[in-house]
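Visitor: Could you take me slowly through a single part of this chain, and show me what surrounds it?

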Amino acid sequence: MNRISWDQYFMAQSHLLALRSTCERLAVGATVVRDKRMIAGGYNGSVSGGVHCIDEGCYVIDGHCVRTIHAEMNALLQCSKFGVATEGAEIYVTHFPCLHCCKALIQAGIQTVYYAKDYKNHPYAIELFRDAGVQTVKVEVEESFDPRSLEKLEYINGLIERLSNARSSQEEIKRLKEEAMNLFSSTPSQANGPRL
Ligand SMILES: [Zn+2]
Ligand SMILES: [Zn+2]
């Protein structure tokens, strides 16, 4: 049995959090970690109790949705709300932080930023991180924690169904089905995973 690495574990948590995002423009999740423990998490969304972009549409000014608080900010603010120190902590984010979040993360004493996807990586943010001695590390999400795997499985199943109604031979369909199943066999629990 393969044991999940810490990086994959915390990054998977951030991807789960991103599924809670209420903004249509981008779904971001962030997990603050200290001593291999998750101390806070956040996703991009409205102020508590406010209307959601997914219901009312985004409030866009100068190309940015101004309704939402970014995932990294929400995670840091959760720490401040409950009095949890962030000095020396690490953060796992689904996307490279924007300039504003970059400054907040540095100021909160975050030491390492792990991110899954490059996202408009601002040169000034890169410079600020470097000058502050904050490490930025790209963590590729392994296929087994792909939050879209269920969607993909459903796509494949639909494809097989369509093939069954077409001219393909039964043998070919059987082979395709086996190949598709093999794609997911290393993560048998994944069929139910993304519904968490
Ligand atoms: Zn929005
Ligand atoms: Zn941000």
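**A strand and its surroundings**

Guide: In this predicted model, β6, α5 and β7 make a right-handed β-α-β unit: with the strands pointing away from the viewer, the path from the first strand over the helix to the second runs clockwise. Helices (H or I, at least four residues) and strands (E, at least two) are DSSP runs numbered from the N terminus. Residues are numbered from 1 along each chain as its sequence is written, while chains are lettered from A and ligands numbered from 1 in the order in which they are written.

Within the unit, β6 pairs with β7 (residues 135-138) in the parallel sense over four bridges, where pairing requires at least two DSSP bridges, and Tyr 114 has Val 137 of β7 as its bridge partner. Tyr 114 is also among the residues touched by Tyr 92, a contact being two C-beta atoms, placed from the backbone, within 7 Å; Tyr 92 touches Phe 10, Met 11 and Ala 30 as well, among others.

Tyr 92 in turn belongs to the largest nonpolar core, which has 32 residues: buried (20 or more other C-beta atoms within 10 Å) Ala, Val, Leu, Ile, Met, Phe, Trp, Tyr and Cys residues joined through C-beta atoms within 7 Å. Tyr 92, Ala 30, Ile 91, Val 93 and Val 113 touch the most other members. Both β6 (112-117) and α5 (123-132) supply at least two residues of this core, although α1 gives the most, with five.

Terms used:
This is a predicted model: local features need pLDDT of at least 70, side-chain atom pairs count only at pLDDT 80 or more; totals for chains, interfaces and linings use all residues. A residue is buried if 20 or more other C-beta atoms lie within 10 Å of its own, exposed if 12 or fewer, and partly exposed in between; C-beta atoms are placed from the backbone. Lists of a residue's contacts leave out its neighbours within four places in sequence.
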